[in-house]
Amino acid sequence: MHSPVVVLGGGPGGYAAAFLAADEGLEVTIVESEPTLGGTCLLRGCIPSKALLHVAKVISEVADLGAEWGVEYAGGPKIDIDLVRARKDKVISNLTGGLGSLAKRRNVTIIRARGSFINSTTLKLDGDDASIPEGGQLTFDHCIVATGSVPAMPPAFDIGSDRVMDSTGALKLADIPETMLVIGGGYIGLEMGSVYAHLGSKVTVVEMTEMLLPGADRDLVKPLSKRIHKMCEDRVYLNTKVGSLTEDGDKIQVTFEGPGKFGREAFDRVLVSIGRRPVTKGLGLENTLVEVNPRGFIVCDKQQRTADPHILAIGDVAGDPMLAHKATHEGRVAAEVIAGKSSAFDKVAIPAVVFTDPEIAWAGLTEDEAKRDGIEVDVEVYPWAASGRAQALGITDGLTKWLVDPKTHRVVGCGIVGSGAGELIAEAVLAIEMGCEVHDITDSVHPHPTLSETLMNAGEVHYGTATEIF
Ligand code: FAD
């Protein structure tokens with residue numbers, strides 16, 4: 001069988017590339033080893049985690065009402081774990097069904113198989129699905145590799161116990177363990193830890209570096225860190241490595257190598273969330289001209305082209321940041337490049353969001369990056385304590401900050417911590433992408449009383465005209 005365009009992998013990078021290539025008038029086939037399209041994001045990542053985080057948020061907001069507002073629901077939440085799980089699964093099936101219809105409408109062929117390269121223009125298809133063509137081979141003019149990533153599980157933690165989970169296992173929500181250890185204080189560990197904590201587990205977080213969310217802006221992490229400490233009743237072990245995991249009856253014995261914590265402790269479950277690795281092994285890339293860097297990512301240029309003229313790569317497999325919207329955008333670029341357009345991806349302002357309570361979001365340059373690269377910036381911070389809306393909502397520990405080029409007054413970066421930061425950051429992305437000067441933001445009328453005003457107010461800080469809105 002021949003298909004002019006083949007997309008290997010049907011996640012948010014792959015299906016977006018396939019649909020857009022079909023919209024460009026190209027004949028497209030997706031090769032996906034899972035029974036449905038959706039990839040990590042839809043089946044075991046962004047969407048199920050956010051469905052569960054919503055439950056966690058409601059529980060925590062109701063608890064806050066009792067503590068601060070004088071409204072208490074007697075007896076606390078009563079959780080039916082089967083219903084919580086069923087609702088999460090329904091969200092996934094609604095969306096996978098929708099993707100199937102979108103593929104059909106565009107005449108995109110879907111082959112359910114594991115694909116690997118025999119050479120630069122041929123894939124071998126393994127599996128037993130009826131969609132696999134006779135001979136088990138598929139030739140193409142262009143192939144977009146979108147095979148994504150999988151959770152990293154070092155051999156020392158891979159002890160063959162179902163009490164030790166990765167993020168995929170945690171999202172299955174088999175039960176609510178009494179105690180749970182989260183290894184890794186990155187965004188996946190903190191999001192999943194928040195879910196289990198609010199559903200009733202006693203959660204402990206261990207992180208090898210000196211802070212939660214290593215690499216993120218410290219001002220943004222501070223309020224979250226306070227909240228995570230409260231949620232975990234101070235069981236947050238920083239600067240601490242996990243030495244070993246051992247199954248011991250119905251517990252996992254864990255050894256910690258301080259200074260944050262030394263010695264042994266037992267947990268009912270352990271979530272290993274120490275990062276993800278790109279899926280490049282077993283793809284037969286050695287039979288092509290594609291180059292892979294030492295971290296396992298496929299090397300590609302701004303047009304998503306690899307060193308092999310027939311092969312492009314997008315999404316998690318094509319490098320950091322491993323985020324769904326970055327994968328989708330690269331998918332668009334790859335489809336347009338194959339269609340003969342001069343598209344390229346200039347990674348100026350890819351937003352990152354941590355969907356914890358409070359949320360953290362940033363886009364463009366960060367203060368650390370500016371310091372590291374010797375870039376001069378003005379940092380304009382507006383604390384949410386001065387926002388009428390934040391006061392009304394009782395979320396005054398948030399803040400909004402702009403990074404501004406002092407010579408041009410253009411906004412070059414933005415960071416927000418607080419409820420809804422993930423929605424608010426979209427305005428900053430647009431402003432940075434469009435090369436807005438600070439006055440473009442302060443001159444735009446923002447609705448009152450909303451948290452979006454804090455973007456305008458942080459801009460006013462630049463001119464010394466910020467007001468407190470009560
Ligand atoms: P993937 O989504 O990983 O899809 C790759 C697909 O390729 C898979 O379906 C796989 O089955 C298929 N495949 C692999 N090898 C083969 C082969 N040889 N043959 C055929 N098919 C193959 N990102 C965000 O932006 N926001 C979030 O809130 C967010 N939350 C997350 C929460 C969790 C718990 C996790 C784990 C991830 C989260 N992510 C989030 C990351 C996001 O899921 C990924 O960045 C995104 O899915 C990457 O898309 P992709 O298309 O590159 O790859």
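UniProt, in an unreviewed entry, places the feature "binding site" at Gly-184, Gly-185, Gly-186, Tyr-187, Ile-188, Gly-189, Leu-190, Glu-191, Glu-207 and Gly-275. These residues span 92 residues in sequence, yet no two of their C-alpha atoms are more than 14.3 Å apart, so they gather at one spot. This is a predicted model, in which local features need pLDDT of at least 70 and side-chain atom pairs count only at pLDDT 80 or more, while totals for chains, interfaces and linings use all residues. Residues are numbered from 1 along each chain as its sequence is written. UniProt positions are given in this numbering with shortened feature names, and the annotations may be inferred rather than shown by experiment.

**Annotated sites**

- Gly-184 lies in the loop between strand S9 (179–183) and helix H6 (187–199); helices (H or I, at least four residues) and strands (E, at least two) are DSSP runs, numbered from the N terminus.
- Gly-184 is buried because 24 other C-beta atoms lie within 10 Å; the cut-offs are 20 or more such atoms within 10 Å for buried, 12 or fewer for exposed, and in between for partly exposed, with C-beta atoms placed from the backbone.
- The unreviewed UniProt entry also carries the annotation "active site", which covers His-448.
- His-448 sits in the loop between helix H12 (438–442) and helix H13 (453–463), and His-448 counts as exposed because it has 11 C-beta neighbours inside 10 Å.
- A further feature of the unreviewed UniProt entry, "domain: Pyridine nucleotide-disulphide oxidoreductase dimerisation", is placed at residues 350–457.
- The span 350–457 is 32% helix and 25% strand, and its end C-alpha atoms lie 23 Å apart.

**Around the ligand**

- The ligand is surrounded by 36 residues, the closest being Gly-9, Gly-11, Gly-39, Gly-148 and Gly-315; a residue is near a molecule if its C-beta atom, placed from the backbone, lies within 6 Å of it.
- At least two residues of this shell come from each of helix H1 (12–23), strand S2 (28–32), helix H2 (39–44), helix H3 (46–69), strand S4 (114–119) and helix H8 (324–338).
- By class, the shell has 14 nonpolar, 18 polar and four charged residues; Ala, Val, Leu, Ile, Met, Phe, Trp, Tyr, Cys and Pro count as nonpolar, Asp, Glu, Lys and Arg as charged, and the others, Gly among them, as polar.

**A three-stranded sheet**

- Three strands make an open, antiparallel sheet in the order S12-S13-S14; two strands pair if DSSP finds at least two bridges between them.
- Strand S12 (241–248) and strand S14 (262–267) are the edges, each pairing on one side only.
- S12 and strand S13 (residues 251–257) pair in the antiparallel sense over seven bridges, and Ser-244 has Thr-255 in S13 as its bridge partner.
- S13 and S14 pair in the antiparallel sense over six bridges, and Phe-256 has Gly-263 in S14 as its bridge partner.
- Four residues separate S13 and S14, which form a hairpin.

- Helix H4 (residues 81–105) has 25 residues and reaches 37 Å from its first C-alpha to its last, close to the 36 Å expected at 1.5 Å a residue; the expected span is 1.5 Å times one less than the number of residues.
- Just after H4, Asn-107 takes a positive phi of about 60°.
- Ala-466 is found in the segment after H13 and counts as partly exposed, with 19 C-beta neighbours inside 10 Å.
- Ala-466 and Thr-454 are 12 residues apart in sequence and 9.7 Å apart in space, C-alpha to C-alpha.
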